[in-house]
Amino acid sequence: SSTRILIKGGTVVNAHHQELADVYVEDGIIVAVQPNIKVGDEVTVLDATGKFVMPGGIDPHTHLAMEFMGTETIDDFFSGQAAALAGGTTMHIDFVIPINGNMVAGFEAYENKSRNSCMDYGFHVAVTKWDEGVSRDMEILVKEKGINSFKFFLAYKGSLMVTDDLLLEGLKTCKSLGALAMVHAENGDAVFEGQKRMIELGITGPEGHALSRPPVLEGEATARAIRLARFVNTPLYVVHVMSADAMDEIAKARKSGQKVIGEPVVSGLILDDHWLWDPDFTIASKYVMSPPIRPVGHGKALQDALSTGILQLVGTDHCTFNSTQKALGLDDFRKIPNGVNGLEERMHLIWDTMVGSGQISATDYVRITSTECARIFNIYPRKGAILVGSDADIIILNPNSSHEISSKSHHSRSDTNVYEGRRGKGKVEVTIAGGRIVWENEELKVVLGSGKYIEMPPFSYLFDGIEKSDAKYLSSLQAPVKRAKSQAT
Ligand code: URP
Ligand code: ZN
Ligand code: ZN
Ligand code: ZN
């Protein structure tokens with residue numbers, strides 16, 4: 001793969017505009033976007049006639065090499081990134097899990113896990129306890145380590161879960177640092193209760209997972225997190241929105257002007273929960289993730305919300321375990337490691353489901369798979385755009401081609417795939433990452449160590465206007481304070 005690439009004759013798609021143009025790349029950067037670019041020899045020319053030339057996907061939500069539920073995800077940064085690139089995703093943001101609550105130690109561990117990356121990546125960091133050390137760690141991570149988002153788990157009682165007092169402290173600290181607070185929104189206490197209820201009823205199989213944590217618990221936690229973020233007056237990002245219940249809360253808050261971002265994931269948009277009742281444990285257990293995949297109807301509601309802008313971007317929550325690992329919960333659904341695949345499938349499935357079906361345009365597709373993520377995490381237009389000066393992370397998608405998804409051909413290490421046998425329209429034929437052709441003719445040519453850690457600066461556009469609204473709130477308190485004082489004298 002040459003350092004000079006010319007992509008000729010394609011339709012170049014950005015989030016707000018598409019046009020017929022050539023794209024010229026040199027040393028990892030896009031240096032020209034215009035019709036009929038002329039170049040000399042020593043340039044690799046790719047013909048994109050009849051195809052779409054788009055920013056590489058950015059997956060805002062992955063878990064690679066994560067220790068979780070007594071085991072470790074089968075995909076690490078090597079196999080996960082291979083899968084991503086083969087599927088047209090050129091950057092992902094992974095979640096750092098603290099070590100015994102220590103966030104900086106956790107960050108350093110993930111620096112090691114990701115050292116040989118073949119694509120660009122960033123990190124969110126989870127907050128799992130609260131003390132003085134934690135707020136100091138958050139400050140170090142934002143000011144020195146390129147972190148601008150923190151995740152709070154309102155579920156996983158007994159391990160990762162945080163209580164409301166901790167969430168409030170976290171929201172305040174996020175606000176002061178210009179970092180985005182993210183929530184896994186399920187009521188962990190009620191989930192614990194629901195799980196006990198199922199076990200007492202003798203429902204120990206994978207269907208118990210769905211039954212123990214119904215949409216109402218996701219709606220409750222989403223509403224609670226939204227209200228606490230409003231009380232603190234700081235933006236909120238709800239990860240893996242799986243139900244209409246949660247989506248409705250986000251819609252209501254956004255309508256009132258609150259800054260709330262909602263991230264549906266591919267599994268929640270496309271699948272439904274009937275699989276969890278499959279009598280074959282290997283099949284049923286591969287669909288176990290949290291919040292659960294919901295009954296028919298929720299996915300379509302989430303698709304509609306995505307096409308109307310109530311939800312803003314699509315992640316995967318890629319968190320893979322093979323069938324042997326899933327079998328840890330053979331006798332008790334509470335022990336099935338939670339998580340599904342999607343990193344390799346996201347760009348294809350969203351194209352087929354949303355664009356192929358006519359629900360959204362190609363420009364909207366670029367927005368929800370790449371540009372909006374870059375804006376939210378404050379790395380636009382370096383990422384998420386095909387503009388002069390942007391990083392050369394580019395895909396060429398052929399709308400008239402297709403392929404079948406299978407664990408036999410995918411790049412994940414897992415022996416299963418929740419999209420097994422699916423065939424859809426649209427195929428990523430070429431992936432260019434950091435100015436290198438890494439996927440072409442169904443072949444991966446990655447360069448280990450070529451991926452860069454992308455530092456994400458604080459105070460994204462979501463923080464615009466916060467100081468002003470705080471000042472307005474404070475001055476609104478003055479009138480009653482003055483009245484109280486005058487009454488006292
Ligand atoms: O089931 C899931 N989602 N596993 C990954 C951890 C999380 O909650 O995101
Ligand atoms: Zn989560
Ligand atoms: Zn079904
Ligand atoms: Zn996740």
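Colleague: Which residue is the bridge partner of isoleucine 7 in E2?

Modeller: That would be valine 23. Keep in mind that we're looking at a predicted model here.

Colleague: Noted! How do E1 and E2 pair, parallel or antiparallel?

Modeller: Antiparallel: strand E1, residues 4–13, and strand E2, residues 18–26, are paired over eight bridges. A hairpin of four residues takes you from E1 to E2.

Colleague: What about aspartate 27, in the hairpin of E2 and E3?

Modeller: Aspartate 27 takes a positive phi near 50 degrees, in a hairpin with two residues between the strands.

Colleague: Let's switch to the ligand. Which residues are around ligand 1?

Modeller: There are three histidines to look up, His63, His184 and His240.

Colleague: How many of the shell residues are nonpolar, polar or charged?

Modeller: Six are polar, two are nonpolar and one is charged.

Colleague: Now the open sheet of seven strands. What's the order?

Modeller: Reading across, you get E6-E9-E10-E11-E12-E13-E14, and the pairing is parallel. The edge strands are E6 (57–62) and E14 (260–262), each of which pairs on one side only. From one strand to the next, the twist averages 25 degrees.

Colleague: How many bridges join E12 to E13?

Modeller: Three, with strand E12 (residues 180–184) and strand E13 (residues 236–238) running parallel. One pair to look up is alanine 181 with its bridge partner in E13, leucine 236.

Colleague: And which strands does helix H8 lie across?

Modeller: H8, residues 244–255, lies across E13 and E14, and runs at about 145 degrees to E14. Helix H14 (residues 362–376) also packs on the sheet, where it touches E6 and E14. The direction of H14 makes about 60 degrees with that of E6.

Colleague: Is the crossing of H8 and H11 left-handed or right-handed?

Modeller: Left-handed.

Colleague: Which residues of H8 and H11 meet there?

Modeller: On the H8 side they are Ala244, Met247 and Ala251, which meet His298, Ala301, Leu302 and Ala305 in H11. By class, that contact of H8 with H11 has six nonpolar residues, one polar and no charged ones.

Colleague: What about H13 and H14, how do they cross?

Modeller: Their axes cross at roughly 140 degrees and come within 11 Å, with helix H13 being residues 346–356. H13 and H14 are therefore oblique to each other. The crossing in which H13 passes H14 is right-handed.

Colleague: And which residues should I click on for the contact of H13 with H14?

Modeller: In H13, pick Met347, Ile350, Trp351, Met354 and Val355, which meet Ala362, Tyr365 and Thr369 in H14. The residues of this contact divide into seven nonpolar, one polar and no charged.

Colleague: What is tryptophan 439's bridge partner in E18?

Modeller: Leucine 444. E17 and strand E18, residues 443–444, pair in the antiparallel sense over two bridges.

Colleague: And which residue in the turn between E17 and E18 has a positive phi?

Modeller: Asparagine 441, at about 50 degrees, in a hairpin with two residues between E17 and E18.

Note on methods
Residues are numbered from 1 along each chain as its sequence is written. Chains are lettered from A and ligands numbered from 1 in the order in which they are written. This is a predicted model: local features need pLDDT of at least 70, side-chain atom pairs count only at pLDDT 80 or more; totals for chains, interfaces and linings use all residues. A residue is near a molecule or strand if its C-beta atom, placed from the backbone, lies within 6 Å of it. Ala, Val, Leu, Ile, Met, Phe, Trp, Tyr, Cys and Pro count as nonpolar, Asp, Glu, Lys and Arg as charged, and the others, Gly among them, as polar. Two strands pair if DSSP finds at least two bridges between them. Axes are lines fitted to C-alpha atoms, for helices over the stretch in contact, and angles run from 0 to 180 degrees between N-to-C directions. Two residues are in contact if their C-beta atoms, placed from the backbone, lie within 7 Å. A crossing is left-handed if the near helix is turned anticlockwise from the far one by less than a right angle, and right-handed if clockwise. Angles under 35 degrees count as roughly parallel, over 145 as roughly antiparallel, 65 to 115 as roughly perpendicular and the rest as oblique.
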